[in-house]
Amino acid sequence: MKLSNLFNRRNRILLRELVVTDFKLRYQGSVLGYAWSVLKPLFLFLILYIVFEKFLRLGRDIEHFPVYLLLGMVLWTFFTEATGQGLQSIINRGDLIRKINFPKYIIVISGTISALINLMINMVVVFIFCLFNGVEVRPEALLIFPLIIELYIFALAIAFFLSAINVKYRDVGYLWEIFLQAAFYATPILYPLQLVMKEMPKAPNWIMMNPVAQVIQDAREVLVTRQTVTGWEIIHDARAYIPFVIILVVVILGAYYFRRNQKTFAEYI
């Protein structure tokens, strides 16, 4: 894949049209339309907040826990949407691939950008919650943008890898869905990492090697509350850089596998 090709006028136009089409088709036929981009995570947040804060009271020791929980849910939802849509992107655009000769990676990028647009809309909601919840706006809040870029790169790399595998083996989608369900509970989204540290002191060292967990905790720390436990606080050696190494490895493997197999996509779809 040559990044320079993405900036060709023809490819930019194609990418834009694919992104617009993906976003329009997502809510086609629904009464509320694009409003579901905000309502879906908000409804899920409300349910989880009632269960985990009001009944189980897991967040009683965390400052601004409602925003803390909402931010984690929004970032996780983006990751699942970006990888899920990226995984199915080549299959869903089979007719286009057979008719037009163009760089296939544009299809995967368009699917993940559609999820990124949703994330940006939801982040506006998070910022509004921050204001109403009395969260202190600090200069380091701007670090949320490089963290989002980091998460997007990781999701895109996974999407490249999964979309190429899914062309030949359609079971990949089901396996990835099961993996995400397990990863959701293994990532400190619903529960504060402090709770894990009390029950299993060594577990957070492994949890924070997950790039998604690292991004979520860092985002909470810079945007919501300094009470957030980050990987930098519990890992004091080279292992703190493992999430970045994992992202780099996934980017290389994803790009290599996709490029190697893209010529045969039309044969399987």
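Glutamate 17 is partly exposed, with a relative accessible area of 40%; buried means under 20%, exposed over 50%, and partly exposed in between (1.4 Å probe, protein chains only). The model is predicted, with local features needing pLDDT of at least 70, side-chain atom pairs counting only at pLDDT 80 or more, and totals for chains, interfaces and linings using all residues. Residues are numbered from 1 along each chain as its sequence is written, and side-chain values use heavy atoms, with hydrogens and water left out.

**Exercise 1.** State which residue forms a salt bridge with glutamate 17.

Solution. 
- A salt bridge is a side-chain nitrogen of Lys or Arg within 4 Å of a carboxyl oxygen of Asp or Glu.
- The partner of glutamate 17 is arginine 16, and the closest N and O atoms are 3.7 Å apart.
- In total, the structure holds 4 salt bridges.

**Exercise 2.** Decide whether arginine 138 is buried or exposed, and find the network of salt bridges that includes Arg138.

Solution. 
- Arginine 138 has a relative accessible area of 6%, so this residue is buried.
- Its side chain meets that of glutamate 140 in a salt bridge (3.0 Å, N to O).
- Glutamate 140, at 25%, is partly exposed.
- The network links Arg138, Glu140 and Arg226.

**Exercise 3.** Classify arginine 239 and aspartate 237 by relative accessibility.

Solution. 
- Arginine 239 has 32% relative accessibility and therefore counts as partly exposed.
- Aspartate 237 has 37%, so aspartate 237 also counts as partly exposed.
- These two residues form a salt bridge, with the closest N and O atoms 3.0 Å apart.
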